[in-house]
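Here's a friendly walk through one structure, written for someone meeting it for the first time. Have a look at it first, and then we'll start from the inside.

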Amino acid sequence: MIEHFLVGLALILGLALGFLFARRHRGGAGGTEAVHHILLPFTGTEISRRAIDAALRLARAEGATLMPAYLAQVPKQLPLDCAIPKEADSAMAMLEAIEQRASSQGVPVDARIERGRTYRHALARLLDHETFDRVVVSATATGASGFSGDDLVWLLEKAPAEVLILRPGPADHRVLSVNGRGRLS
Amino acid sequence: MSRGRYKIFLGMAAGVGKTYRMLQEGHAEADAGRDVVIGYLEPHKREETSAQARGLEVVPRRRASIREVEVEEMDLPGVLRRRPDLALIDELAHTNPPGLEHEKRYEDIADVLAAGIDVFSTVNVQHLESLNDQVAELTEVRVRETVPDSVLGTADEVVLIDLTPEALIERLRAGKVYPGENIQAALDNFFKIENLAALREVSLRQVAEDVESKRLVYSEAGAVGRRREEDKVAADAPKAVGERLLALVRPQPSSQRLVRRAWRSAQRLGTDLDLLWVKPPGQPIEGELERQVTALRRLASVLGATLLIEEHDDLVAAVARVVRERGSTYIMVGESNPPKGFARLREPLPQRLMRATPPGVDVRIVAHRGLKEGGK
């Protein structure tokens, strides 16, 4: 009887230790914490493909979810929480295109559309209520990115996460843009 | 005794002519033979307003004190004793000094109406509670005296006194709103074209919403079963031709694709979109779930869609009820995972929905699409 009890106890202990060991191995790649969400804020109707690809590479390598966030400006005379169908139309097409690209690389996506009086205001609201571990923004000055140098400095100061600013590169003319349909170019 | 009729003159800002118009209409009523008195008037030293008040009987004000300062207030018992057909009572958002019957003037007005006396009154849009924050954000000026929006809802008639921002600034410059020494300060602060344009839009929208809600209330009241059958058919006809989309969602990122497709379809059909999450009973909304519900709510708000959360253990029954209540004509569902185990024996969800919902309701399955061809 006592032998049965001891064998049972040993089995339970073995299972518990095995579980703890496996858990430690899964969560501790290189001793760093797992990255869960990578924020990719963008504005307007195009986004640098380099920025998307960098964010996707990181997300794939770290098993993270990509959080593309379309930042929309709401005119002063409208309530901040009003519906913005025109902006949403562009946002939907962009998010759809990003999601398809992410899906082809097996990266999960959790998209957002955030409103603000300015792009920075929208970004601040996003930082307020979302949690993420990295932010990827492109410093490529295509004119459509919507982020000024000041915005990037502000982001570096305020974002409670690692910020990855991609320096301008020769491939910056390659953007993912929408002309109503979310087409890559 | 029946309640008096209540008419509110709503304006975007001081000086648009609310009080003036109220007095004009008061005169018209008096000319038509009704007994009209001024219960309270705040002419703000505006000559045009004072001139318009001449000829109308005024119920004398009473004295009250705030921190040992004597002020003049509306004499509510005096108005009730006088019992006119119609009382003109300016500035319904006003706060009374302590010690009077009510804290706010709109509550005084409720007593007057309850006594069967008709009331005309005035208010600016920034005094409405729900708009106070919005107006403060737009104009950087916050008013302290607010009234619940329901006050506007109790009015039988809301008249918007509209004036272009340019015309109002012209009136201000001409000294028709504030005395000379205050004009420049007003122009530098509150009375800017962009502020007034925003306030005007808020006022117009408020009245439009009020009209819409009254129309809906009327329509619902009319639906109480005394109508003949042919009237019912005629009244229901517009519903029959209108489309309404219902998308079944879950608070998880994969639902966003479904929401996007549903919204695009709604846009093409020119119809409203409802998002429905049937929440299992007792499931707490916390942690990641809470985050996803918030994200869904925000997305619905951006799109102008309505997010409905129904707690029910039977998905199909809950959907069928919502379809009937909302008059949905399309149901959109996402592609589900292949069933496992005993679930394989169960009838698929679309078929169950088709059986449970009224005839004519289409069910559409939104497939998961990979990368579009040509997109690299």
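## The nonpolar cores

The largest nonpolar core has 73 residues, and those with the most contacts inside it are A:Ile38, A:Leu40, A:Ala55, A:Leu66, B:Ala247 and B:Leu275. A core here is a set of buried Ala, Val, Leu, Ile, Met, Phe, Trp, Tyr and Cys residues joined through C-beta atoms within 7 Å. "Buried" means that 20 or more other C-beta atoms lie within 10 Å of a residue's own; 12 or fewer makes it exposed, anything in between partly exposed, and C-beta atoms are placed from the backbone. Helix α3(A) gives the most to this core, with nine residues. There's also a second, separate core of 50 residues, which includes B:Val112, B:Ile117, B:Val177 and B:Val202.

Take A:Ala55: setting aside residues up to four places away in sequence, A:Ala55 touches A:Ile38, A:Leu40, A:Leu66 and A:Val136. Contact means that the C-beta atoms, placed from the backbone, of two residues lie within 7 Å.

Residues are numbered from 1 along each chain as its sequence is written, while chains are lettered from A and ligands numbered from 1 in the order in which they are written.

The pLDDT is the predictor's confidence in each residue, from 0 to 100. Chain A averages 78, and 75% of the residues score at least 70. Over residues 25-33 of chain A the pLDDT is below 50, and this stretch has one contact in the model beyond near neighbours in sequence. Residues 180-185 of chain A also have a pLDDT below 50, but that stretch has 15 contacts beyond near neighbours in sequence. Where pLDDT is low, the predicted coordinates should not be read in detail.

## The build of chain A

Chain A has five helices and eight strands. Helices (H or I, at least four residues) and strands (E, at least two) are DSSP runs, numbered from the N terminus. Five strands form an open sheet in the order β4-β3-β1-β5-β6 (chain A), with parallel pairing; two strands pair if DSSP finds at least two bridges between them. At the edges sit β4 and β6 (162-166) of chain A, each pairing on one side only.

Strands β1 (residues 37-42) and β3 (residues 65-73) of chain A pair in the parallel sense over six bridges, and A:Ile38 stands opposite A:Leu66 in β3(A). Helix α2 (residues 49-62) of chain A lies across β1, β3, β5 (134-138) and β6 of chain A, running at about 160° to β5(A). Axes are lines fitted to C-alpha atoms, for helices over the stretch in contact, and angles run from 0 to 180 degrees between N-to-C directions. Helix α3(A) lies across β3 and β4 of chain A, at about 165° to β3(A).

## Where the chains meet

The contact takes 26 residues from chain A and 23 residues from chain B. Which helix gives the most to the side of chain A that touches chain B? That's α3(A), with eleven residues.

## A spot in chain B

B:Val79 has its place in helix α3 (residues 76-82) of chain B. Why is B:Val79 called buried? Because 24 other C-beta atoms lie within 10 Å. Leaving aside neighbours within four places in sequence, B:Val79 is in contact with B:Gly39, B:Val59, B:Met74, B:Ala87 and B:Val112.

Note on methods: This is a predicted model: local features need pLDDT of at least 70, side-chain atom pairs count only at pLDDT 80 or more; totals for chains, interfaces and linings use all residues.
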